[in-house]
Amino acid sequence: MTPHTAEKTSVTLLGLGAMGTALARTWLAADHSLTVWNRTPVRVAALTAEGARAADGAAEAVAANTLIVVCLLDDSSVEEVLSGTVLAGKDLVNLTTSTPAQARARAEWARERGARYLDGGIMAVPPMIGVPEAGGYVFYSGSPELFERHQETLGVPAGTTYVGEDAGFAALHDVALLSAMYGMFAGATHAFALIREENIDPVSLAPLLADWLVAMAPAVHQTADQLRSGDYTKGVVSDLAMQVAGTQTFLGTAEQQGVSPELLSPYFELMRRRLDEGSGEEGLTGVVDLLVR
């Protein structure tokens with residue numbers, strides 16, 4: 001072992017699904033000492049062949065190192081796996097997908113057991129892990145001191161973005177971004193449905209659609225600025241009254257093409273409700289307030 005390798009933080013990783021395995025391989029490739037545990041032994045065997053140390057159980061794995069990274073199926077799995085371990089003095093980093101409330105409760109649960117806690121929300125799929133140019137990263141929230149202490153090690157598999165001391169913020173940022181992603185997927189699904197029965201190659205539509213979505217993406221900055229200032233008319237080019245009037249064209253086209261409007265109708269209804277409140281000169285930002293009332 002070289003002196004450079006000896007300085008690197010040793011890691012314990014609990015959970016070797018597709019994401020956990022990808023994380024493990026990046027730490028091994030970067031010469032970190034890695035102890036692993038998983039319910040399915042065959043996944044452990046594959047990594048021990050690459051240099052990982054296999055623990056006989058979760059308790060042994062936790063005892064092996066100070067930095068404990070958990071990447072399991074869900075929050076209940078975290079409690080089940082860690083319930084028989086000694087967490088006092090450990091640095092627990094939870095990369096298991098959870099809700100903000102679950103993350104906050106898990107942070108308190110860890111504190112009561114003497115552990116320091118960071119929650120993480122992974123903005124990547126397994127093939128992006130260990131590939132910096134892929135752009136994957138992980139949101140972290142919780143102890144700022146803990147994040148600073150382990151940022152270099154946590155940054156080996158993917159970029160790191162710290163979003164606050166509130167342990168629930170990583171999960172909240174994760175779900176917020178993924179929710180926007182699914183909204184985009186819904187719009188793209190409707191667009192492809194509109195041409196499905198026409199003599200239009202979906203492959204030819206795809207680059208037009210992708211470029212259009214990229215061109216529209218900066219609109220989120222205007223929304224954020226309006227929410228911060230409270231002025232929902234600031235910088236508006238296409239006001240709500242005009243956009244609501246135009247929704248009939250979208251709904252009529254869907255009907256003519258034999259396409260269900262169910263992906264568009266809920267948003268259009270919110271737009272109309274906001275207009276009915278007398279906010280026709282605004283843009284679309286006021287819809288946010290309808291959702292949180």
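Predicted model: local features only at pLDDT ≥ 70, side-chain atom pairs only at ≥ 80, totals over all residues.
The largest cavity is lined by Leu23, Trp27, Leu95, Val138, Tyr140, Leu154 and Pro157. Two elements, α2 and β7, each give two or more residues to the cavity lining. By class, the lining has seven nonpolar residues, no polar residues and no charged residues. About 30 Å³ of space lies inside the largest cavity. The structure holds one cavity of 30 Å³ or more.

The chain as a whole can be described next. It has 293 residues, of which 39% count as buried. There are 13 helices and eight strands. The C-alpha trace spans about 65 × 45 × 35 Å along its principal axes. Among contacts with a separation of 6 or more, 58% are accounted for by residues 24 or more positions apart.

The largest nonpolar core has 29 residues. Leu13, Leu23, Leu34, Val69, Val93, Leu95 and Tyr140 have the most contacts inside this core. At least two core residues are supplied by each of β1 (11-14), α2 (18-29), β2 (34-37), α3 (41-48), β4 (67-70), β6 (116-123), β7 (137-142) and α7 (144-154). The most comes from α2, with six residues. Leu23, Leu95 and Tyr140 are named both among these core residues and in the lining of the largest cavity. In soluble globular proteins, nonpolar side chains tend to be buried together.

Neighbours within four places in sequence aside, Leu13 is in contact with Gly20, Leu23, Ala24, Trp27, Leu34, Thr35, Val36, Trp37, Val69 and Cys71. A second core is separate and has 20 residues, including Ala58, Ala61, Leu92 and Ala110.

An α-helix has 3.6 residues a turn, so residues three or four places apart point the same way. Leu154 also belongs to the lining of the largest cavity.

Asn94 is found in strand β5, which covers residues 91-94. Asn94 counts as buried because its relative accessibility is 2%, and buried means under 20%. Leaving aside neighbours within four places in sequence, Asn94 is in contact with Val70, Val78, Arg106, Tyr117, Leu118, Asp119 and Gly120.

About 2300 Å³ of space lies in the largest pocket. Its lining has 48 residues, and Leu213, Met216, Ala219, Tyr267 and Leu284 lie nearest the centre of the pocket. Two or more lining residues are given by each of α8 (169-195), α9 (202-216), α10 (219-229), α11 (240-256), α12 (265-276) and α13 (286-292). The largest share is that of α8, with 15 residues. By class, the pocket lining has 32 nonpolar residues, 16 polar residues and no charged residues.

Definitions and conventions
Residues numbered from 1 in each chain as written. Heavy atoms only, no water. Core = buried A, V, L, I, M, F, W, Y, C linked by side-chain atoms within 4.5 Å. Buried < 20%, exposed > 50% of the residue type's maximum accessible area, 1.4 Å probe, protein only. Helix = DSSP H or I, 4+ residues; strand = E, 2+ residues; numbered from the N terminus. Contact = heavy atoms within 4.5 Å. 1 Å grid on protein atoms, 1.4 Å probe; cavity = no way out; pocket = protein on both sides within 12 Å on 5 of 7 lines; lining within 4 Å. Points joined across faces, edges and corners; volume = space filled by probe spheres on them. Nonpolar A, V, L, I, M, F, W, Y, C, P; charged D, E, K, R; others polar.
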